[in-house]
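Please look at the sequence and the structure shown here, and keep both in view while you read the briefing.

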Protein chains: 2
Amino acid sequence: MLQSKVAYKTYKENPSDEEARNAILLIKAGFVEKVSSGIYNLLPLGLRVIQKIENIIREELNKIGCQELLLTNLHPKEYWEKTGRWQKFDVLFKTQSQTGSEYSLAPTHEEIIFPLVKKLISSYKDLPIALYQIHTKYRDELRVKSGLLRNREFIMKDLYSFHRNNEEVEKFKKIVDKVYLKIFKRCGLDAIETYASGGTFSPFSTEFQVPTPAGEDTIYYCSNCRIAWNKEIMKERKCKQCKKELQELKTIEVGNTFNLGTKFSEAFDVRYIDKDNKEKLVYAGCYGIGVTRLMGAIVEVYNDEKGIIWPEEVAPFKVHLISIYLKDEKKNQKIKKISYELYEKLNKENIEVLFDERENVSPGEKLVESDLIGIPYKIVIGENYLKYKKFDFKKRNWKYYKQINLAQLLKILK
Amino acid sequence: MLQSKVAYKTYKENPSDEEARNAILLIKAGFVEKVSSGIYNLLPLGLRVIQKIENIIREELNKIGCQELLLTNLHPKEYWEKTGRWQKFDVLFKTQSQTGSEYSLAPTHEEIIFPLVKKLISSYKDLPIALYQIHTKYRDELRVKSGLLRNREFIMKDLYSFHRNNEEVEKFKKIVDKVYLKIFKRCGLDAIETYASGGTFSPFSTEFQVPTPAGEDTIYYCSNCRIAWNKEIMKERKCKQCKKELQELKTIEVGNTFNLGTKFSEAFDVRYIDKDNKEKLVYAGCYGIGVTRLMGAIVEVYNDEKGIIWPEEVAPFKVHLISIYLKDEKKNQKIKKISYELYEKLNKENIEVLFDERENVSPGEKLVESDLIGIPYKIVIGENYLKYKKFDFKKRNWKYYKQINLAQLLKILK
């Protein structure tokens, strides 16, 4: 894409009303715009990142037989009264229609998916079933100072699975736990499986925690066993498996998996006829990934003093191609020709490229902005190309450029 | 996909609380679930249709240089007060945070995108710019009896364009009008460009109306000039171009395009520095397509007494492959083998196929359900295949099956 055509704006100064590094960088680099406390617009660059994360999630969940759907965000009051959460859920936005109907704005979707699944299943043959959506959620958070990590409106992937008994939930939860690690890995993050409270039927839920000094959570990590416990549930700082002293880490929670047992099936009377012809309650699990939060977490982990450093699979573009114009118009014609040819070539090879073709922007500004935006690979075409017929090439996190030819370049990028 | 793995349920009886044919069929065929008046869940089959419509829209809008973003749905009260619409907009859902902040739930996004564009542009060089999103909208409608056509929560594509002057808006609006006809055409609909009220700067807005007896709108159509006028703005029933008598049609509005002039630029003081160094107000247009409504409109147009007949580009699957089992177990082994082989073959060729491989469902039930779901091409493998080594093949709207071999089949489907 031609950079002059992209709707974005970068800023030299930090925004005055943000404390979190992720929000500061995402705003400065033109990925998001702050509308109000805890509320952001996703600009085209930001949406590209979100869509890449979403597609990684879809790919991995579809592989294990999950099906995507889309549930309403206006939840009639009656559904939330059935679970007792209309009053108890502490971050529930509420609204009312002209006709007097009251709704909550979805902060989570158990109240909607259990009545749906009640209609879909009748026999044990209909189980297991695993349904997910990627959708906006609303939470009336009091504290919203962590940028994209804790918002009033955000995108979440929520998966719900339904089974015949507790063992099958636990078995499926283990499969999801593994898939989650893979999803986070593809997003560039080494998440740590962490025991946490919140289990209804099993003693623990699982949190996926990414270490970063900006984290809101604290975990006790065993580097030996590669597992952790949320500080909240630990009395002593020793690994429950190997007894080793645990390491205290600040972390961001990017996902969680819960065994819900029969809690919601009871509230909505979701039953199935088992092989023995008896009617039984359905067992369920729920599994969340904060999608916009994940983008924030990635930025917290991958940045330096110059800007963001996107991991390849979630970068808005793979390559940033930059033309550096000189004072000599004749030379510039050559630089332009070579740059546009390479741009076409990369497009043809289906390599996603952002091409900074702008003529009214200084070389210094272009390079500073490029580091801020943080596309993984950078190709610079300027004076050096004219001298050596080679491209200046570097990864965003390299200190120096390498001079390489077209064949070498394509080999690296394909 | 294997049909036994799809989360859906079909119904023989019409739902008791729906009047509109689109909702009756979409519920009976397992595409949507009604949660409450004007509020529906999209089940996996329904979401597949929606995602196909969305991708058609993306493809066509990206071609004319529009960029996708995602705007917040929680709109701070201040923004809506600036345009005077906090009180005046008649279908505005409102909510309030624990901290006292008030929000509207987005029914449209002018109040959010104009302040954003104010930040993105400064010079005439930054114009034109065209930004769109595909996102949930909320409207507190009083009348919600038309199924998917008028909901409290729905998916909409909204595009906003920003220009230097009125002529450029009109020029771009004409381009969008053409693209809209193409988008609807790809969705199987011959939409009629219709003059309507609502123009702020130009005397008319344009509505895209699809004729169907279930339509809520009435237009006067000139078959000669192939244009129409919304009945609301016409005093006499004569074409303004050729003076011919106009035909009265019931229609569904699936899209509209507006010239907004400087109305919102004034409210949010969105200006640019022109070539002559003078600061001027930005001119804008807005362009909507109701995505969930479009699905409803397609079903209103494409159905018969047996069920839905999806146009190919928006069908949840291209092919419905159905195994018809007999009483003879030996024959069934052959039918099963042939069916699974064809299923693998079609998957390999990237032809989207739903395979009704279920063994506990009768042939009659399978075929009735297949007609209800309405996938465009049907392949039946049963007794006939064993006799003639040919597939029973028909399009959903054909009366009779044809017997064809694999080569013929692949030629048709590829």
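This is a predicted model: local features need pLDDT of at least 70, side-chain atom pairs count only at pLDDT 80 or more; totals for chains, interfaces and linings use all residues.

Residues are numbered from 1 along each chain as its sequence is written, and chains are lettered from A and ligands numbered from 1 in the order in which they are written.

- The same surface serves both copies, since 100% of the contact residues of chain B recur in chain A.

**Interface between the chains**

- In chain B, 42 residues are in contact with 42 residues of chain A, contact being counted if the C-beta atoms of two residues, placed from the backbone, lie within 7 Å.
- Among the elements of chain B that each supply at least two residues to the side touching chain A are α2 (44-63), α5 (110-120) and β7 (129-138); helices (H or I, at least four residues) and strands (E, at least two) are DSSP runs, numbered from the N terminus.
- That side of chain B divides into 22 nonpolar, 11 polar and nine charged residues, with Ala, Val, Leu, Ile, Met, Phe, Trp, Tyr, Cys and Pro counted as nonpolar, Asp, Glu, Lys and Arg as charged, and the others, Gly among them, as polar.

**Domains of chain A**

- Chain A is assigned domain 1 (3-304) and domain 2 (317-413), with bounds that come from an automatic or database domain assignment.
- The centres of these two domains of chain A, taken over C-alpha atoms, are separated by 39 Å.
- Five residues of domain 1 of chain A are in contact with nine residues of domain 2 of chain A.

**Helix packing in chain A**

- Helix α1 (residues 21-28) of chain A packs with helix α8 (residues 291-301) of chain A at an angle of about 95°, their axes being 8 Å apart; axes are lines fitted to C-alpha atoms, for helices over the stretch in contact, and angles run from 0 to 180 degrees between N-to-C directions.
- α1(A) and α8(A) are therefore roughly perpendicular to each other, a term that covers angles of 65 to 115 degrees.
- Arg21(A), Asn22(A), Leu25(A) and Leu26(A) of α1(A) make the contact with Gly296(A), Val299(A) and Glu300(A) of α8(A).

Technical notes. Angles under 35 degrees count as roughly parallel, over 145 as roughly antiparallel, 65 to 115 as roughly perpendicular and the rest as oblique.
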